[in-house]
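Let's take a walk through this structure together. Have a look at it before reading on.

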Amino acid sequence: MREETPNTESVFDELSRAATADSQSESYDISLGTTAESAEDVERELDELMEQVNAALPTDDVQFDEALIKENLDEILLLLIALHEETHGKELLSDLTHLFGAQLSPGTVYPSLHDLEDEDVLSMHAKVRTKEYSIADEEFVRATVERTMVQHLAFGLLLYAFLPRL
C-alpha cells in the first residue's frame, strides 16, 4: 500500500522557511576570517543546520548516500571551510564523518583540496605539521554553491512530483 505523500509545494515552502528563518533574524556577512569560532561552535552550527533540514522534510531521518557526497565533495568542502574560516584536512574528514556518515579516505579529500587551491578558490597556509585551508574567492564559492543548490532542488522537486505516478 502506498503512503500518502505530502504536497510538493508544501515541502518546498517548508524548506524555504527553514533556509530563510535565520537570515530573517540575523544578517550574514559573506566576508570570512573576521571571527575565530571554536571547533565546538562550528560543530554545533552544523548540527543545527542538519536539524533544520531534517525538520523540513517529510521523513524521520535524512541520510546522504556516500556517492552523493563524493559527487558534491567540492561544494561540501567549500561550505565546511567557510564555516571554519580556516581548517585542515583532518578536521574536514572528521566533519564529513560526523555530518554525513561518510568514511572518505584522505586520498579522496586531499586531491579535491589541492585542485581547489590550484584553481585559486582556496588559499593554503603551511603550518608546522599541517596545512590550513581558507576561502580565497568568496564570489566563486557563493556562485558554485547556489548553482549546485538550484540543480539539486530542481531535480529533487522533479522526482517528488513524479512519486504519485508510481
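Predicted model: local features only at pLDDT ≥ 70, side-chain atom pairs only at ≥ 80, totals over all residues.

Residues are numbered from 1 along each chain as its sequence is written, and side-chain values use heavy atoms, leaving out hydrogens and water.

The chain has seven helices and two strands; these are DSSP runs (helices H or I, at least four residues; strands E, at least two), numbered from the N terminus. Starting there, the order is α-α-α-α-α-α-β-β-α. Of the 166 residues, 27% are buried, meaning under 20% relative accessible area, with exposed being over 50% (1.4 Å probe, protein chains only).

Now for the inside. The largest nonpolar core has 26 residues; such a core is a set of buried Ala, Val, Leu, Ile, Met, Phe, Trp, Tyr and Cys residues joined through side-chain atoms within 4.5 Å. L96, L104, V109, L113 and L122 touch the most other members. α4 gives the most to this core, with seven residues. Setting aside neighbours within four places in sequence, L104 is in contact (heavy atoms within 4.5 Å) with residues including I69, L73, L96 and V109.

Finally, find α6. V109, S112, L113 and L116 are buried in this helix. Seen down the axis of α6, the buried residues fall within an arc of 100 degrees (taken from the directions from the axis to the C-beta atoms), so they line one face. On the other side, G107 and D118 are exposed. The cover over the buried residues of α6 includes α4, α5, β1 and β2.
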